[in-house]
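Q: Could we go through this structure together, beginning with the strands and then moving to the chain contact?

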Amino acid sequence: MIDMNLKDLLKKVGRKKAVTIFILFLICIGGVIFTENDYFLYDRTIAEVVSASEELTRSSPALINSKEYQYTQRLTVEIKNGVHKGKFATVTNKYSSSLVTDEKYSKGDKLFVDVNGSGDTLKATCTGVKRDVYAVGVTMLFALTIVIVGGKKGALSLLSVTLNTLIFAAAIEFYHRGLDLFGLCLAAAFLFTAASLTIVSGVNKKTAAAVISALCGTAVTIAIAYTVLKLTKGRGVRFDQMQYLIKPYEEIFISELLVGGLGAIMDISITMSSSMSELIDRDSSITFSALRHSGREIGKDIMGTMTNVLLFTYVCGCIPLIILALRNNVTLTDVLNNYLDLEIVRAFVGGIGIVLTIPIAIFISTHMLKGTKKISPQPKEGDA
Amino acid sequence: MEFILGTILLILMIAVGGVRGAKTFAAMYANIIVLIITVFLIACGVNAVAVTLIGCSVIGVVILFWINGVNIKTVTAFASIATVLLLFAAVMLYIGSSSHIQGFADENTEEICWYSPDIGLDMRQVTLAMMLTGLIGAITDTAIAITSALYEVRENNPELSMSELFISGMNIGRDIIGTTTNTLLFAYIGEFMTLVIWFREYEYSFSEIINSKVFCQDFLQIVSSGAGCMTIIPVAALFMAYSLTHRKPRETDGETEQSSEGPSMTDSSAI
């Protein structure tokens, strides 16, 4: 039964698409194999672990009725590039069972090493792990799934993601050269919105309505966030806990809020404007109040899941730090106050953006889309 | 500040969404509490992966069943989320452990310098817990969007076959892709910003960035969640197409389900 359906599907998917996907698949595999062997691209010496032995050197009572075991690993590595290419070296690595700041290596791992000494018995120290193959592999997995599932639309989304990443990189570069970060993010937000909505849904009235609603929604949200931040002087939020301690915190944080909420706001705007235009297309005599009512119903449906998406996206990042602190006997209240507040603020501001954009998008798209629909049959009313 | 923003959010949600808005806000808080409990249990030494999977199920229950009611749409969405979660738990376990992204990087030294690293708890499991939590937020939205849209399609065209339903599920999924990827991308870019500024400030080279632990921790999580978001589309479409077409013989069952759903629908539209 299911087999029949699968055959059906294959027919519908078509040979051309199957071939495209197959080629894409080969490219992805090729990409991964290439990064697996791209030693010549690096100046740093890379070595592959060929054998590893380890011994338990010490065990000590860890925090909270558990034990911590310390191991010493003796690794034999084969050097893959540079002057010692092809030679073997030994590396000693210490790690403890929690692996909080250290790493346990096993056969096949690729490491960056500093080689010291010469002759037949080389010694080396490990300075890091070669992770590029995982970054490339996961990117390929994402690209493959998005194209297989989304077809042409998926490819366009991939293009939009790439474009947005480039805009973002450019904004950071300009900031580094001394321009104001918040101003840059405003400009980038405008570009992001226009570019991604146009790529996803083409140049038309619907997109224009979505772009305007997204920009208005973002502006109002940031105004609210900024006012609250200034009025409370950021009280209750530990900016000094912000990752990597870069100054000025406040400017960076408000810019992060701006960009972080933008995606969700754009999502809401395009959903609202396209359902509004669908409703108007179906029934051009639909009244403003009926439109507003349906818009609010759709809005209610999407706001719950959207706010949760943001919540999880933000909060999950601080889980390791919270666990480290809790294991160190810091009380739950202190941990939550210190490490969760920034993420909760982000999620709340994003949520405010989502909820605010619903009525804004309803207002803008009813007026823009409905207004133009009226002009053609009854020009006089449209003028009035 | 959190309190004021929270109050503003609550007021807005009630103003825009009425009772359902209040429910949404409560669900958000419930999720925060479930997350805190999950993290607390992991810190107590309970198996991180098991706790996370259970925690994610509870979160799924809160988002799906409590806000949208128990019906064929939410049950199927739940089943598809569970499937993708288990599938990606395996993928993420492999990626997470073989790329050595557990724990903290050198760049985090200042943050963690007060704490002892001898915590007697395997950080690889914590990393997996983190990746799965990020994934569930991303896929729930898509799963429910597809199952509820397919339900409407079936309502309007009861004679559609399973493969036809699957194909229209995929079509609906394709419409969501662009916006979902953007929501996720921007949410992550917002968090990523300090890190990228740090990289630029300290003049990291491209090869240093792409191989660094701190970058890979975020990047691998983001992009594998993205892949999860794509995978949920065919899974949800297939499951929903299957459960819609295989419910048919039990006519009465379908009817009671519809009638039990009836009041909640009118409820929401009346508000």
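Predicted model: local features only at pLDDT ≥ 70, side-chain atom pairs only at ≥ 80, totals over all residues.

Q: Understood. How many bridges join β1(A) to β4(A)?
A: Strand β1 (residues 45-62) of chain A is joined to strand β4 (residues 110-116) of chain A by four bridges, and the two run antiparallel. Within β4(A), K110(A) is the bridge partner of E48(A).

Q: And what about β4(A) and β5(A), parallel or antiparallel?
A: They run antiparallel, with six bridges between β4(A) and strand β5 (residues 122-129) of chain A. V115(A) has A124(A) of β5(A) opposite to it.

Q: What lies between those two strands, β4(A) and β5(A)?
A: Five residues do, and the two strands form a hairpin. In the turn, G117(A) has a positive phi of about 85 degrees.

Q: Back to β1(A): over how many bridges does it pair with β2(A)?
A: The pairing of β1(A) with strand β2 (residues 66-79) of chain A is antiparallel and extends over 14 bridges.

Q: Then β2(A) and β3(A), in which sense do they pair?
A: In the antiparallel sense, with nine bridges between β2(A) and strand β3 (residues 88-96) of chain A. Here V77(A) is opposite A89(A) in β3(A).

Q: Changing topic: how many residues does the contact take from chain A and from chain B?
A: Chain A contributes 132 residues to the contact and chain B contributes 115 residues.

Q: What area do the chains bury between them?
A: About 11200 Å² is buried between chain B and chain A, and 71% of that is on carbon and sulfur atoms. On the side of chain B, M1(B), Y115(B) and F186(B) supply 7% of the area that the chain buries against chain A, more than any other three residues.

Q: What is the count of salt bridges between chain B and chain A?
A: The count is two salt bridges. R200(B) forms a salt bridge with E173(A), where the closest N and O atoms are 2.7 Å apart.

Q: Which helix gives the most to the side of chain B that touches chain A?
A: Helix α6 (residues 162-201) of chain B does, with 31 residues. By class, the side of chain B that touches chain A has 62 nonpolar, 35 polar and 18 charged residues.

How values were computed: Residues numbered from 1 in each chain as written. Chains lettered and ligands numbered in written order. Heavy atoms only, no water. Pairing = 2+ DSSP bridges. Contact = heavy atoms within 4.5 Å. Buried area = accessible area lost by both parts, 1.4 Å probe. Salt bridge = Lys/Arg side-chain N within 4 Å of Asp/Glu carboxyl O. Nonpolar A, V, L, I, M, F, W, Y, C, P; charged D, E, K, R; others polar.
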